[in-house]
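Thanks for coming. I will go through one structure today, with the cut-offs given as they come up.

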Amino acid sequence: MIGNALLLSMRAIRRNLLRSMLTVLGVVIGVAAVITMVTLGNGATRSVSDQIASMGSNLLMVRPGQRMGPGAADAPKFRIADVEAIRTQIASIAAVAPVVNTAVTAVHQARNWATTVTGTSNDYFAAGNWTLASGREFTDAEQRAGKAVCILGSTVREKLFEAENPLGSEIRVKQFACEVIGLLRTKGQSAMGSDQDDVIVMPLRTVQRRLSGSLDVNLIMVSVTTPESIDAVKAQIESLLRERRRIGDSEDDNFRVMDTRQIAETLTGTTRVLTMLLGAVAAVSLLVGGIGIMNIMLVSVTERTREIGIRLAIGALEREVMLQFLVEAVVLSCLGGLIGIVLAAVASVTLAGAMQVPFLFSPSINLIAFLFSGAIGVIFGYFPALRAARLDPIEALRHE
Amino acid sequence: MNESTPLIRLIGLHKIYGRGGASYHALKGIDLSIHEGEFVAVMGPSGSGKSTVMNIIGCLDTPSDGQYLFRGMPVETMSRDQRALLRRHFIGFVFQGFNLLPRTTALENVELPLIYRGHPAAERRAAARAALRRVGLDNWEHHTPAELSGGQQQRVAIARAIVTGPKVLLADEPTGNLDTRTSAEIMDLITALNREHGITVLMVTHEPEMARYARRIVRFVDGRVESDRYAEPAS
Ligand SMILES: Nc1ncnc2c1ncn2[C@@H]1O[C@H](COP(=O)(O)OP(=O)(O)O)[C@@H](O)[C@H]1O
Ligand SMILES: [Mg+2]
């Protein structure tokens with residue numbers, strides 16, 4: 001019976017090919033929109049988590065203040081002694097690096113470039129997942145004495161040196177000249193969208209003495225040996241710092257320890273919510289497409305009243321007429337779904353390229369959208385089909 | 001003339017359209033028996049209830065009162081689906097307006113009743129071709145109604161009606177839309193089907209020339225059978 005209904009439906013669709021195609025346009029667009037949104041959203045989520053992974057794994061960031069933004073500036077900063085305390089008193093730590101960031105303009109010959117100087121130790125490279133493309137790290141003597149030496153990120157290197165080899169050359173930062181001793185390997189964008197390679201790394205003392213003019217440390221990066229120990233290390237750092245900063249039992253922390261997993265969860269959570277939101281908006285358009293199908297199917301039933309009369313006179317059962325129109329609606333909407341899937345594949349690949357997010361083909365969303373389009377055919381085809389089946393054969397035959 | 005159970009038997013049949021003040025009494029007690037193999041013409045003035053009785057005999061409509069026995073089975077108590085199955089298996093319709101599916105080839109139109117009967121595709125195709133050949137349209141299988149003349153369309157409709165091998169062919173003014181010459185051709189075809197295949201034919205017409213093809217003429221006037229007579233055997 002389904003086979004017959006399918007045959008009759010296909011013949012009816014073929015008879016009205018242009019209108020059939022226009023009927024399903026809404027579903028085509030709806031399905032394409034849902035799949036494209038979700039595919040791009042998944043790509044964006046992936047690229048965010050990739051970028052977070054590039055920040056370094058098993059990483060803890062210790063910042064003064066409870067949260068970023070206003071108020072953070074009032075909280076007392078850290079000192080190098082805090083860094084040393086963490087290094088010596090807490091187990092399961094792979095690397096601890098103090099960080100001081102300062103905005104500067106770097107100059108080399110006629111070129112200059114506004115960028116950030118990060119004052120830190122060699123541990124920074126391990127903790128932040130950086131590797132040197134060439135040159136060397138800082139020597140102990142350079143770090144102790146606060147020598148004017150620096151390691152350039154690839155963006156700074158391009159802006160100041162273009163094709164030239166910077167190793168051994170000098171750049172000017174504020175009023176002092178600084179020798180380039182190393183180059184960092186390119187990392188790309190950060191999860192927040194900033195360019196991680198737009199950086200100049202110097203020894204902490206160099207920055208403190210010549211740029212920031214204070215002994216403050218803005219940020220401590222701690223990398224942990226294994227992911228399992230991250231929570232324990234976090235708790236130990238918190239209690240150690242509470243003690244060192246003399247925070248009473250009833251007082252809140254005036255610093256904050258965040259791990260990359262937490263940052264990753266926050267950021268990918270945001271993109272995931274956005275993906276769902278966009279997907280939901282697209283799903284509404286799919287629903288509108290379904291209403292379009294119902295509209296055309298109703299028109300079609302009225303227009304084909306005589307045809308239905310003929311079928312009934314010939315001996316078609318009510319349920320056979322019903323099934324034919326239902327199958328017609330489902331075949332149409334599934335066809336729309338298939339076209340939508342193809343369209344979505346093209347749109348996703350194109351847009352993913354343009355937005356620089358990876359194209360992640362998701363079989364599940366394609367399947368879901370397809371099944372959904374089929375369900376739309378059933379739901380919105382039901383009423384017109386029922387109407388067709390209930391027609392009185394004599395009146396239907398008399399219909400002009 | 002035939003002692004066996006009549007194919008069609010109407011007993012005190014009434015049909016009242018509508019309700020209350022707006023109601024119309026279209027059939028006022030019809031008694032009629034038609035045996036297998038007969039060729040009956042139904043005549044009468046417009047509005048006398050000819051189409052109404054054809055619709056009831058064709059199981060498209062139900063009587064308001066009285067009994068309708070098809071091969072001895074009471075039809076008036078049957079469900080809509082049971083009547084549909086009766087039409088599917090025993091009854092072929094030919095209408096004044098042809099009633100073919102538009103933009104559908106002659107072959108597919110003729111195939112249609114076989115699809116509902118669930119015949120496999122190859123068998124269906126062969127039977128539809130044979131029916132088209134029977135009505136003389138061998139070379140018109142792939143033409144749509146728009147590409148066929150009125151006479152040809154009515155031939156396709158007849159092919160569709162006989163493709164299932166029905167017991168009875170119900171034709172309500174089958175030549176009403178056709179010119180005299182084409183009408184005669186259609187009547188020759190229907191007569192041949194009756195004579196050679198033994199299909200019972202019940203045909204409404206108001207043209208005496210067409211009624212002359214039948215062997216029995218039933219006259220309706222104002223919802224009643226006014227006369228029912230057998231024609232002289234054709235020589
Ligand atoms: N569905 C209907 N509702 C009300 N009146 C009807 C309906 N069908 C037919 N009639 C009336 O019944 C009478 C008989 O109609 P019909 O059987 O079609 O006559 P005819 O002999 O011309 O075929 C007519 O007066 C017609 O107006
Ligand atoms: Mg009539």
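**Contacts, salt bridges and a ligand site**

I start with a side chain: a polar atom in the side chain of Ser348(A) sits 2.6 Å from the backbone oxygen of Ala344(A). That is a polar contact, meaning a pair of N or O atoms within 3.5 Å; within protein, one must be able to donate a hydrogen and the other to accept it, and residues adjacent in sequence count only if both atoms are side-chain atoms. Ser348(A) belongs to helix H11 of chain A. Helices here are DSSP runs (H or I, at least four residues), strands likewise (E, at least two), and both are numbered from the N terminus. Ser348(A) is buried, because its relative accessibility is 1% and buried means under 20% relative accessible area, exposed over 50%, partly exposed in between (1.4 Å probe, protein chains only).

Some housekeeping. This is a predicted model, where local features need pLDDT of at least 70, side-chain atom pairs count only at pLDDT 80 or more, and totals for chains, interfaces and linings use all residues. Residues are numbered from 1 along each chain as its sequence is written, chains are lettered from A and ligands numbered from 1 in the order in which they are written, and side-chain values use heavy atoms, with hydrogens and water left out.

Now the salt bridges. I take a salt bridge as a side-chain nitrogen of Lys or Arg within 4 Å of a carboxyl oxygen of Asp or Glu. Over all chains, the search finds 31 of them. In one of these, Glu307(A) pairs with Arg15(A) at 2.5 Å, N to O. That pair links distant parts of the chain, with Glu307(A) in helix H10 (residues 305–314) and Arg15(A) in helix H1 (residues 2–15) of chain A, 292 residues apart. Buried or exposed, Glu307(A) and Arg15(A)? Both are buried.

Glu307(A) also forms a salt bridge with Arg304(A), at 3.0 Å, N to O. Arg304(A) is buried too, as is Glu307(A).

Another pair is Glu318(A) with Arg390(A), at 3.4 Å, N to O. Glu318(A) is in helix H11 (residues 318–355) and Arg390(A) in the loop between helix H12 (363–389) and helix H13 (393–398) of chain A, so this bridge ties together parts that are 72 residues apart in sequence. Glu318(A) counts as partly exposed because its relative accessibility is 23%, and Arg390(A) is exposed, at 54%.

There is also a network: salt bridges that share partners join Arg11(A), Arg14(A), Glu108(B), Glu111(B), Arg124(B) and Arg125(B).

How many disulfides are there over all chains? The count is 0, with a disulfide taken as a pair of cysteine sulfur atoms within 2.5 Å. Cys334(A) is buried at 18% relative accessibility, and Cys59(B) is buried at 0%.

A polar backbone atom of Lys50(B) is 2.9 Å away from one, a backbone N or O atom of Ser48(B) lies at 3.3 Å, and a polar side-chain atom of Tyr24(B) at 3.5 Å. The protein covers 66% of the 560 Å² of accessible area that ligand 1 has on its own, by the Shrake-Rupley method with a 1.4 Å probe.
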